[in-house]
Amino acid sequence: MADEHPTRSQGKASLLTVKWQVDDAECKWQPFSCPTLKSYLSWDALEGSPSMGGAAARTPQQSSKRPHPTQGPHCVLGNRSATVLRWLPLLKKSQRLSATPARTGRGGLTQGRWPEHRGARALGPRWRPGPARRTRAGAAAPGGGAKPCGPPAPGREAPSPRPSRRSADARRCVRPRCPGPCRRGPTMEHIRTPKVENVRLVDRISSKKAALGTLYLTATHVIFVENAPDTRKETWILHSQISTIEKQATTATGCSLLIRCKNFQVLQLIIPQERDCHDVYISLIRLARPVKYEELYCFSFNPKLDKEEREQGWMLIDLGEEYKRMGLPSNDWQLSDVNRDYRVCDSYPTELYVPKSATAHIIVGSSKFRSRRRFPALSYYYKDNHASICRSSQPLSGFSARCLEDEQMLQAIRKANPGSDFIYVVDTRPKLNAMANRAAGKGYENEDNYSNIKFQFIGIENIHVMRSSLQKMLEVCELKSPSMSDFLWGLENSGWLRHIKAIMDAGIFIAKAVSEEGASVLVHCSDGWDRTAQVCSVASLLLDPHYRTLKGFMVLIEKDWISFGHKFNHRYGNLDGDPKEISPVIDQFIECVWQLMEQFPCAFEFNERFLIHIQHHIYSCQFGNFLCNSQKERQELKIQERTYSLWAHLWKNRADYMNPLFRADQSQTRGTLRLPTTPCNFMYKFWNGMYNRFEKGLQPRQSITDYLMAVKEETQQLEEELEALEERLEKIQKVQLNHNKVKSKQTEPSKHSGFSTSDNSTANTPQDYSGNMKSFPSRSPSQGDEDSALILTQDNLKSSDPDLSANSDQESGVEDLSCRSPSGGECAPSEDSGKDRDSDEAVFLTA
Amino acid sequence: MDEIEFSSTGSGWGPRSEVLAVGWGNSCETVRWLLPRGLLNSCPAGVASCPASSCPFPSPRSPRLTLLESVLLLGPRPTTGGMEFSELIRTGRAQAKLLRGPEAPPLRGTLCVTGHHLLLSPGPQGTSDLWLLLLRSVDSIEKRVSGDSGTITLRCKDLRVLQLDIEGVEATLDIARSIEGLRLGDAWHFHPPERYYKRVARETNAWRLSEVNEDFSLCLSYPRAVIVPRAVDDDALARCARFRQGGRFPVLSYHHAPSGTVLLRSSQPLTGPQKRRCAEDEELLRAVLAGARPGAPGFILDTRSAQAAKQARVTGGGTEAKAAYPGWKRLHRPLERGRPLQESFVRLVEACGDLEQSMDGWLSQLEACHWLAHVKEALSTACLAARGVEREEACVLVHGAEGTDSTLLVTSLAQLILDPLSRTMTGFQELVEREWIQAGHPFQLRCAHSAFSHACPKHEAPTFLLFLDCVWQLGRQFPLSLEFGEGLLLALFEHAYASPFGTFLCSSEKERCLCEVRTRTHSLWSGLNQPKVRRKLRNPLYVPNPLAIWPSVEPQSLRLWQGLFLRWIRPPEPSQVAWEKVWQRLASKEKTEGCEPTSKPQL
């Protein structure tokens, strides 16, 4: 858009300069110099657009806070850089003209700040972001999920409440960003109405409360901004997250629109005008169903990383490395280039490990006998006993067909494991389904034809059953104040937990076969990309502690899901397609991981939030990882050159996803996870944190994870502080020694002569020091003198008296214990370094 | 050197400022540091059994009384919980001279009384170490006053005789009384209603402690002393008691200081088919409203359905008529009790034991046993009562029929939601003692059999277990707000059903008196409050939360209490490992916090 009116925008831009001046309490718009009528006019022009709203309603006081035009496109004053309006996609073309000037700062924008400033600006001077107001409905923030995770609002950096280091940096997740003027997507034309006022957002839990606000449609998001002046809560919904939109009957209050999201958020909006409602409905129907990949958010999403960083991001997860880690290539397994350029199977990756004894001829022959040519290939190699997990699709056996090469292929897999004289062939389908497939010329392996195989059915239902099961469970979740019986009955009726258990059981079966029996396993279902992926990854997770680490889990998804051609596009409906292809396959896998995490709280390096964010991004299409149906398609689309990798983003913010209880050292968590041998139904629980994650009222109000993370962080901080101080202390000592020498060596310091004899002034020195640091008396055994320690202690006691503690806390940067409660908000390190330097000086001076 | 430990109960310190350990010889040799947590170096878990193997607690050092004094005399502070000793301690310190016998030289210094010990600081010029005496070893105490000084003679159980010359008559008497109160060292005295009344009396003047039930003549199941409106005299109470089933007239259960309103409990009024009325009962409830904030509404929360309440008239019971109690509104929240509850418990335990069933079978059994539904109902009723008190600023009277089961469930849960003090270790024990044991929950009848008994249930009902389950649900939703962990709940469950302690014996205070439970058995609380045990039962994540904790009662938020119902079925190992890790994390934090540079400045 900027390119459309370059001159015009330049001209206006010179009129506009904004200054954020931040005082401690609140951010204010400050005129750079005395406001002139001209400046008002230019702003009024800007705000005259409907989306800016209420230009007429401004009071003179508010006007005076408006920025004043000066020269320079982006004048940065103080420590907050001015950001310029990037709200444009939601404006109609006619309005864009008047609004263009604001965009001119594009070059100088700090992208990271965009949403906050954009919000501030777009809503005109009435909008003044303050620290307390920045509550966001988690929906909005991809990557942010439940938390306010955006770049810090100007006010948030104010000293109180002190943001913790983690919340300031690590929690800075990628926020939804404007696609940017140059990339104005084709979606713009589908927006029939960019803004509707007086919309009610109905709270699902208590139907009484409904927030009044304004609904905006942008090229990428639906945004609801509450009118309540003290909160201004925003709810952001990515178009790609929208699952269904339902227009309900018009009532006296207006027309109701029910939006269900793929991340299990449900929004009910009441729009006063039927016509508006219809426009929104039609727009969203189209926006939620893009037909081309180019319409997806990831192609316009720009986290302001340069090319190199982008490439590095994509390199983060390297499957070649992963196979090496497994111990491949080995004596029995080798990398095959048979699928180079996807010649044999277009849904497989090019690099595959196969048994050494399997020649290209065998592989190609086998592939012809397998559905979609997905021949048996290695998924996981258990180097302890050389057993392996292989995966394929169903054989085209029909009622009697055989294939010599396929039989040789299985033989080769068996031979690749010298420790066992048979392999398991696991068909993850129910037997009935597999038999039905035989009529269509497919089916399963006949044990008579293959030597030394043990054939096993594991009844995991197909994608259609899973889809309707989830549907039923979500209906239960949506019930308004259900009784316990309603809920449990609905949960049972949905069969969801039964399906989860079936997948887990399959994974457990395979993990046991590999680790305990030492037998290799070939897993397949129909096409070998849904249930097979679930089962293989669950088994790998149980077998290998590496996959229970943060990076390992990414690798696992990359390996078993992305590279082996799980049809992300079809299953998660990224592009408009056959609704019958949609199914929560990977959701089930993610839930299996959660169920395991509940069972083994110390076994996983990552926490629940990590899983939820991955689930969110599978649907969000904000990153390129989960696009398309196969590696081949991704390559053709040049995904890596045009989009960013989620893994890099998650890795960057890994501090947020760590499980503070993770114990890498523990025997229980080390090798294979040992699940109870008896089938346990009660180990499967309803995952409240996922399916009701937007009903905050239903979640535990305090989080152990967050608390422990804060504690951990605090510990770390204190340790660092301690280190720094020790260094400083050494320096002081040196200076003092010199000083004393100059004083003709009056009192030679000695360890044992002690303070009891020395004068008060010297005895006071450590007091001040430790008083400032709030660190406590020494316990170093070498320090034999009690008196000094005692005096120290007494003074410390005084200074840490509750009444004084606040004071000393601020100085020392040691936060109050009570702020650590997650409910108490974010806690923070204070501006410690500066203060410490002061105290340091003080020590020095008194010394 | 044997080791004696102070716990936070020991000295009136808050949970965050725990005095951890004192090691001492027979009389006065070595004293380990007495260090409040967060103030000084200390092991977070205490000394004896810190789960983190690397306990940072330093090696013993010579005692310094100045330190001890400052540590000890900082308290008692207005902390959460742990108030019991501070109330017994009349005065913290006095100047005294100690005569230890004809041979030993007298010691002069400052005398301090703490929860378990008597300390004498030899003063700044003195060279000798601190003198320390365990109060429990005092066998008898004798005081004499002459002029403006007094003498206390302590005769100890180890046959020692000690004489303390104390300056000031007042000080002498106070110290003597403090020692007298403390030396018994028996937790039987820790939780009487009188103690709670002291707290109420600090907050309001509208209530008084009545000993009208001194001889249990009015009500068999009430304790000797109950808290009633000041405006109502004992005669009125007596008549009132005749109008309520079992004599359980309305008494104070909880005073909510911020709103000035109260939670009351009683049994059903004996209106009967003739719709009888009782002027004194009406007067009592009127006085309750008058004593609260002017214009405060009142709610009567009946834990039976409206129909059941009406039916009760046939048998002489009933419920308050609206006309007779102006200002009071009646609400009905039916809660299951008695046999259905027991059956639900039995079926749940059966379902948990059935390992062969399918997933669907499990879920349908879970649904069919209704246990979680009872949990949900109990919690939501308690929330309703708590809401009434806090949000509506109303007085709430809870009763069912007898007022000894679901009534107590509701009032105790409501207090837990509202009152930060009751969420501490001590506060919770006190709550159980006051709202269940003293309030006359018939443990003897209710907990005679558990879920496996083949005997046909008569009076058995797991009401107390339901309460514990609800507390567990609260703890799950607010993992940082309860000072105690699952362990305490499990211990209470066990002891309620079978216990070597006398706390849960008998069904009422009267029976306990007749059986001389207090003199012939030990109190569970003193068992649980032994520092080692107490540490195990603590929630390491506890952070005092001054707010009310409003739980979610949606079915999605409630879970089966696996720690109890599946305790012997699934291995507890993973969760144990997790808790170890939690301890480790917190321990390493404490360690760092209390750390000091290793290289000391050489001056």
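This is a predicted model: local features need pLDDT of at least 70, side-chain atom pairs count only at pLDDT 80 or more; totals for chains, interfaces and linings use all residues.
The crossing of H6(B) and H7(B) is left-handed. In chain A, helix H19 (residues 585–599) takes part in two of the helix contacts described, with H16(A) and with H20(A).

**Helix pair H6 and H7 of chain B**

- Helix H6 of chain B covers residues 234–242 and helix H7 of chain B covers residues 279–291; their axes come within 8 Å and cross at roughly 115 degrees.
- On the H6(B) side the contact involves Ala236(B), Leu237(B), Arg239(B) and Cys240(B), which meet Glu280(B), Asp281(B) and Leu284(B) of H7(B).
- By class, the residues joining H6(B) and H7(B) comprise four nonpolar and three charged, with no polar residue.

**Helix pair H16 and H19 of chain A**

- The axes of helix H16 (residues 531–543) and helix H19 (residues 585–599) of chain A come within 10 Å, with a crossing angle of roughly 20 degrees.
- Since angles under 35 degrees count as roughly parallel, H16(A) and H19(A) are therefore roughly parallel to each other.
- The crossing of H16(A) and H19(A) is right-handed.
- H16(A) contributes Gln534(A), Ser537(A), Val538(A), Leu541(A) and Leu542(A) to the contact, and these meet Val585(A), Gln588(A), Phe589(A), Cys592(A), Val593(A) and Leu596(A) of H19(A).
- Eight nonpolar and three polar residues make up the contact of H16(A) with H19(A), and no charged residue takes part.

**Helix pair H19 and H20 of chain A**

- H19(A) also packs with helix H20 (residues 608–620) of chain A, at an angle of about 175 degrees and with the axes 10 Å apart.
- This angle makes H19(A) roughly antiparallel to H20(A).
- From H19(A), the contact draws on Ile586(A), Asp587(A), Ile590(A), Val593(A), Trp594(A) and Met597(A); from H20(A), it draws on Glu608(A), Leu611(A), Ile614(A), Gln615(A), Ile618(A) and Tyr619(A).
- The contact of H19(A) with H20(A) divides into nine nonpolar residues, one polar residue and two charged residues.
- Val593(A) is listed in the contact of H19(A) with H16(A) and also in that of H19(A) with H20(A).

**Domain division**

- In chain A, domain 1 spans 195–289, while domain 2 is made of 312–671 + 683–692.
- The centres of domain 1 and domain 2 of chain A, taken over C-alpha atoms, are separated by 36 Å.
- Contact between these domains of chain A involves 11 residues of domain 1 and 17 residues of domain 2.
- Chain B is assigned domain 1 (87–179) and domain 2 (193–570).
- For chain B, the corresponding separation of domain centres, over C-alpha atoms, is 43 Å.

**Annotations from the UniProt record of chain A**

- An unreviewed UniProt entry lists Asn462(A), Ile463(A), Cys525(A), Ser526(A), Asp527(A), Gly528(A), Trp529(A), Asp530(A) and Arg531(A) under "binding site".
- These positions span 70 residues in sequence, yet no two of their C-alpha atoms are more than 12.4 Å apart, so they gather at one spot.

**Backbone features in loops**

- Leu328(A) and Pro329(A) are joined by a cis peptide bond, with omega about -10 degrees.
- Pro329(A) is located in the loop between helix H9 (319–326) and strand E11 (333–336) of chain A.
- Arg372(A), a residue other than glycine, has a positive phi near 55 degrees.
- The loop that holds Arg372(A) runs between helix H10 (360–368) and strand E13 (377–382) of chain A.
- In chain B, Cys506(B) likewise has a positive phi, near 65 degrees, and is a residue other than glycine.
- Cys506(B) sits in the loop between helix H16 (486–497) and helix H17 (509–514) of chain B.

Definitions and conventions: Residues are numbered from 1 along each chain as its sequence is written. Chains are lettered from A and ligands numbered from 1 in the order in which they are written. Side-chain values use heavy atoms; hydrogens and water are left out. Axes are lines fitted to C-alpha atoms, for helices over the stretch in contact, and angles run from 0 to 180 degrees between N-to-C directions. Helices (H or I, at least four residues) and strands (E, at least two) are DSSP runs, numbered from the N terminus. Angles under 35 degrees count as roughly parallel, over 145 as roughly antiparallel, 65 to 115 as roughly perpendicular and the rest as oblique. A crossing is left-handed if the near helix is turned anticlockwise from the far one by less than a right angle, and right-handed if clockwise. Contact means heavy atoms within 4.5 Å. Ala, Val, Leu, Ile, Met, Phe, Trp, Tyr, Cys and Pro count as nonpolar, Asp, Glu, Lys and Arg as charged, and the others, Gly among them, as polar. Domain bounds come from an automatic or database domain assignment. UniProt positions are given in the numbering used here, feature names are shortened, and annotations may be inferred rather than shown by experiment.
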